[in-house]
Amino acid sequence: MNQDATRPAPPRLSYSVAEASRATGIGRTTLYKLMGDGSLSSVKIGNRRLIPATALQAILQVA
């Protein structure tokens, strides 16, 4: 049996905007506004915009 199938998935380090929207219930437009005004940090890698999990946790604690 493949032991990888029984291991829990590692915790997420970052989310795409669409994934962050689904995970938090915050709309994509609102997430882009928060990133634009500096309230929510994100990184751009290639063409992808990723939001660190810690940034999502921080914004939800403030809200």
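This is a predicted model: local features need pLDDT of at least 70, side-chain atom pairs count only at pLDDT 80 or more; totals for chains, interfaces and linings use all residues.
## After Helix 2

G38 comes after helix 2, and its phi is positive, near 85°.

Helix 2 covers residues 28–36, and its buried residues are L31, L34 and M35. When the helix is viewed down its axis, these buried residues fall within an arc of 100°, so they line one face of helix 2. The face turned away from this buried side carries T29, K33 and G36, which are exposed.

What do the buried residues of helix 2 pack against? Their partners are helix 1 (17–24), strand 3 (48–52) and helix 3 (53–62).

## Order of the Elements

The protein contains three helices and three strands. Read from the N terminus, its elements follow the order β-α-α-β-β-α.

Among contacts between residues at least 6 apart in sequence, 46% join residues at least 24 apart.

## Overall Dimensions and Surface

The radius of gyration of the protein is 14 Å, whereas a compact globule of 63 residues would have a value near 11 Å. Along the principal axes, the C-alpha trace spans about 50 × 30 × 15 Å.

Of the 63 residues, 25% count as buried. The accessible surface of the protein amounts to about 4800 Å², and carbon and sulfur atoms account for 53% of this surface.

Technical notes: Residues are numbered from 1 along each chain as its sequence is written. Side-chain values use heavy atoms; hydrogens and water are left out. Buried means under 20% relative accessible area, exposed over 50%, partly exposed in between (1.4 Å probe, protein chains only). Helices (H or I, at least four residues) and strands (E, at least two) are DSSP runs, numbered from the N terminus. The arc is that of the directions from the helix axis to the C-beta atoms. Contact means heavy atoms within 4.5 Å. The radius of gyration is taken over C-alpha atoms; the globule rule is 2.2 Å times the number of residues to the power 0.38. Accessible areas come from the Shrake-Rupley method with a 1.4 Å probe; for residues, only the protein chains shown count as cover.
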